[in-house]
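Please read the points alongside the coordinates.

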Amino acid sequence: MSFKITSSPHNRISRSTSEIMLLVVVACIPGIVVQALLFGYGVLVQLLLAIVTAWLAEALVMQLRRKPSLPRLKDNSALLTAVLLAIAIPPYAPWWLIVIGTFFAIVIVKQLYGGLGNNLFNPAMAAYVMLLIAYPLQMTQWLPSISLQPESLNLLDAVCAVMTQYSCSGFSISQLQTGIDGISMATPLDTIRTDLASGKTLTESLEQPVFYGIAGAGWLWVNLAYLAGGLALIKLRVIGWRIPVAVLGSLFALSLLSWLAAADTNPSPLFQLFSGATMLAAFFIATDPVSASTTNKGRILYGVFIGLMIFIIRKYGGYPDGVAFAVLLANMAVPLIDYYTRPRTYGHKTRGAGK
């Protein structure tokens with residue numbers, strides 16, 4: 001029997017950056033499948049456009065910097081950024097929207113700061129916010145779930161809708177946004193926000209067809225699918241538990257307090273957790289190892305801050321789902337969080353010790 005003497009750290013699980021990024025992409029697959037089945041195949045078209053654009057943009061920047069392109073493409077960071085942005089935008093948004101957003105994420109947010117490991121902000125969320133501010137109309141073209149759509153679209157229709165904004169049978173995106181009852185549909189979060197602003201009660205708002213189930217037609221299953229993928233990442237130790245638990249815990253606590261205080265004007269905690277991009281944000285976006293906090297205590301504070309910002313923006317802000325803004329605000333706070341939560345060096349004497 002022989003013993004190997006190695007230097008620390010003694011880590012039993014050693015994964016490369018490319019493997020970690022690829023595992024995160026794989027964990028997104030359940031959510032992508034459910035999203036495509038319930039909201040249309042447009043998300044698959046957006047994924048293809050985003051991935052091709054991300055690879056081309058990454059290769060172009062590497063050539064301009066006179067560095068080899070293949071090693072950068074193999075780290076799968078561009079692939080992950082493309083996937084996260086593609087599943088965050090409306091499935092039938094025009095093709096040029098995802099191309100502009102992905103190019104911005106790779107070239108401006110990531111490579112302009114020096115590439116992987118140097119970016120201050122989450123590239124996908126920075127691109128999402130840019131698109132939301134620059135093209136608000138296109139970024140709100142969410143169709144209702146397939147069960148509420150007047151016309152079901154196949155994969156070829158999805159390609160036509162993304163590329164021309166018309167299905168192969170001639171239906172426009174505006175027509176497809178109209179439910180089977182003839183009423184124009186919006187996301188559950190947007191519908192609640194608009195109804196409450198117009199003086200309706202929450203009970204009146206929840207009577208609309210888009211609110212089938214706990215979190216609206218289709219959205220519960222999408223969030224459950226991303227929750228399953230996120231839990232798998234924690235099980236495989238690809239991500240830690242602190243940030244997701246802190247994000248969901250703070251959002252749940254604040255939602256519960258507001259719901260108990262005024263149930264007629266505040267959605268239930270379960271609605272907040274399983275609507276919009278909540279689970280996607282908690283497990284796949286907030287846990288970005290580059291732009292998130294690096295200390296254990298800091299990760300908890302970072303996650304709590306994101307949950308707090310999501311709640312505040314949803315309730316008081318100008319946008320129905322505040323995930324992207326919440327993550328970017330937390331990214332800006334990371335240096336401060338890390339500074340005040342950094343662990344004390346072993347043997348270090350605090351001021352006043354020994355007196």
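1. Gly303 sits in helix α15, helices (H or I, at least four residues) and strands (E, at least two) being DSSP runs numbered from the N terminus. Gly303 is buried, its relative accessible area being 0%; buried means under 20% relative accessible area, exposed over 50% and partly exposed in between, with a 1.4 Å probe and protein chains only. Setting aside neighbours within four places in sequence, Gly303 is in contact with Ile243, Ala246, Val247 and Ser250, where contact means heavy atoms within 4.5 Å. Between the C-alpha atoms of Gly303 and Pro144, which are 159 residues apart along the chain, the separation is 30 Å.

2. On provenance: this is a predicted model, in which local features need pLDDT of at least 70 and side-chain atom pairs count only at pLDDT 80 or more, while totals for chains, interfaces and linings use all residues. Residues are numbered from 1 along each chain as its sequence is written, and side-chain values use heavy atoms, with hydrogens and water left out.

3. Helix α12 (residues 242–261) and helix α15 (residues 296–316) have axes that come within 7 Å and cross at roughly 40°. That makes α12 oblique to α15; angles under 35 degrees count as roughly parallel, over 145 as roughly antiparallel, 65 to 115 as roughly perpendicular and the rest as oblique. Axes are lines fitted to C-alpha atoms, for helices over the stretch in contact, and angles run from 0 to 180 degrees between N-to-C directions. The crossing is right-handed, meaning that the near helix is turned clockwise from the far one by less than a right angle, and left-handed if anticlockwise.

4. The α12 side of this contact includes Arg242, Ile243, Ala246, Val247 and Ser250, and the α15 side includes Asn296, Arg299, Gly303 and Arg314. By class, the contact of α12 with α15 has 12 nonpolar, six polar and three charged residues. Here Ala, Val, Leu, Ile, Met, Phe, Trp, Tyr, Cys and Pro count as nonpolar, Asp, Glu, Lys and Arg as charged, and the others, Gly among them, as polar.

5. The axes of helix α6 (residues 123–134) and helix α16 (residues 323–341) come within 9 Å, crossing at roughly 125°. α6 and α16 are therefore oblique to each other, and their crossing is left-handed. Met125, Ala126, Tyr128, Val129 and Leu132 of α6 make the contact with Val323, Ala324, Phe325, Val327 and Leu328 of α16. The residues of this contact are 10 nonpolar, no polar and no charged.

6. Helix α1 (residues 17–39) packs with helix α11 (residues 219–235) at an angle of about 170°, the axes being 8 Å apart. That makes α1 roughly antiparallel to α11. Among the residues that meet are Leu23, Ala27 and Gln35 in α1 and Trp219, Trp221 and Tyr226 in α11. The contact of α1 with α11 has 15 nonpolar, three polar and no charged residues.

7. Ala50 lies in helix α2 (residues 42–64) and is buried, with a relative accessible area of 0%. Not counting residues up to four places away in sequence, Ala50 touches Ala82, Ala86, Ile98 and Thr102. Ala50 and Leu85, 35 residues apart in sequence, are 7.7 Å apart in space, C-alpha to C-alpha.

8. For the whole protein chain, there are 16 helices and zero strands. Buried residues make up 49% of its 355 residues. The C-alpha trace spans about 75 × 55 × 45 Å along its principal axes.
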